[in-house]
Amino acid sequence: MSDSERDAGGVVVFDHPLIRHKMTYLRDVETGHRPFRAILTQIAGLMVYEVTRSFETEPVEVETPMGRTSGHRLVGAVTVVPVLRAGLGMISGVLDIMPEARVGHLGLARDEKTLEPKAYLNKLPSDLDAGPVVLVDPMLATGGSASAACAMLREAGAKDLRMICLVAAPEGVTRMRADHPGVTVYTAALDERLNEQGYIMPGLGDAGDRLYGTV
Ligand code: PRP
Ligand code: URA
């Protein structure tokens, strides 16, 4: 994907052998919640490197044991926001790489019949405009949850916003481009379609259930 498409708020699909390799374990119906959790954490960590590429830095002076030189520091306070439940499964991987990040929480549950998200938790820092905000949810299906989450983050002041997911459906990507064109979506896989129940095909099933062993 070209830089201009990213700037327009597009989708970045990771094309990395390690991520493809690990994604195959996550998709496998035989993978239980313990390895699922571990692999999800690993993929989230790998994705952070690319997702943070556009973060702003400022020059600073630093004293090494050998003398003075110039370095860089991130500008502002980074906030990562998992969408409960499944988004929590990616948080430790993100924080391993960005331990200084603050963590906000959004709770959204998709109604099984209408597929509409219902918000049940909103705990965010009061100054979300203090730096980049990274929304984290492994599944982008209809896009209803991600769109609602972005609206809640905008309402709370988020200006510099992007999303990390694991598997995206074309329907979810289209919804995000329509509702939040300024939000780049980073995904480990772009799948074929949704089924009649709103599940991603071939996907990996219900991410929250697989993560917590509630299948
Ligand atoms: C899943 C997933 C997303 C949402 C995606 O959560 O983690 O939040 O569905 O679907 P959408 O794009 O059609 O809105 P779910 O509502 O199942 O809750 P859970 O994480 O608690 O299982
Ligand atoms: N939520 C999930 O956990 N999986 C899907 O395939 C769709 C929504």
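Me: What does the side chain of Ser145 have within reach on ligand 1?

Reply: This is a predicted model, and in it a polar side-chain atom of Ser145 lies 2.6 Å from an oxygen atom of ligand 1.

Me: And which backbone atoms lie by oxygen atoms of ligand 1?

Reply: Ala141 is one of them, with a polar backbone atom 2.9 Å from an oxygen of ligand 1. Ala86 also has a polar backbone atom there, 3.1 Å from an oxygen atom of the ligand.

Me: How much of ligand 1 does the protein cover?

Reply: On its own, ligand 1 has 500 Å² of accessible area, and the protein covers 90% of it.

Me: How many residues are around it, and which come nearest?

Reply: There are 16 residues around ligand 1. Those that come nearest are Arg110, Asp137, Thr142, Gly143 and Ser145.

Me: What sort of space does ligand 1 take up?

Reply: The space taken by ligand 1 is the largest pocket.

Me: OK, ligand 2. Where does that one sit?

Reply: Ligand 2 sits in the largest pocket.

Me: Which residues surround ligand 2?

Reply: Arg110, Met139 and Ala141 are there, along with Gly198, Tyr199, Ile200, Gly205, Asp206 and Ala207.

Me: How does that shell divide by residue type?

Reply: Five residues of the shell around ligand 2 are nonpolar, two are polar and two are charged.

Me: What about backbone atoms by ligand 2, at what distances?

Reply: A polar backbone atom of Ile200 is 2.8 Å from an oxygen atom of ligand 2. Ala207 has a backbone N or O atom 2.8 Å from an oxygen atom of the ligand. For Gly205, a backbone N or O atom lies 2.8 Å from a nitrogen atom of ligand 2.

Me: And how much of ligand 2 is buried by the protein?

Reply: The protein buries 88% of the 240 Å² that ligand 2 exposes when taken alone.

Me: Switching to cysteines. How many disulfides are there?

Reply: Zero, from a search of the whole structure.

Methods
Residues numbered from 1 in each chain as written. Chains lettered and ligands numbered in written order. Predicted model: local features only at pLDDT ≥ 70, side-chain atom pairs only at ≥ 80, totals over all residues. Heavy atoms only, no water. Disulfide = S-S within 2.5 Å. Near = heavy atom within 4 Å. Polar contact = N/O pair within 3.5 Å; in protein donor to acceptor, adjacent residues only side chain to side chain. Areas by Shrake-Rupley, 256 points an atom, 1.4 Å probe, with all protein chains shown as cover. 1 Å grid on protein atoms, 1.4 Å probe; cavity = no way out; pocket = protein on both sides within 12 Å on 5 of 7 lines; lining within 4 Å. Sits in = over half its atoms within 2 Å of the grid points. Nonpolar A, V, L, I, M, F, W, Y, C, P; charged D, E, K, R; others polar.
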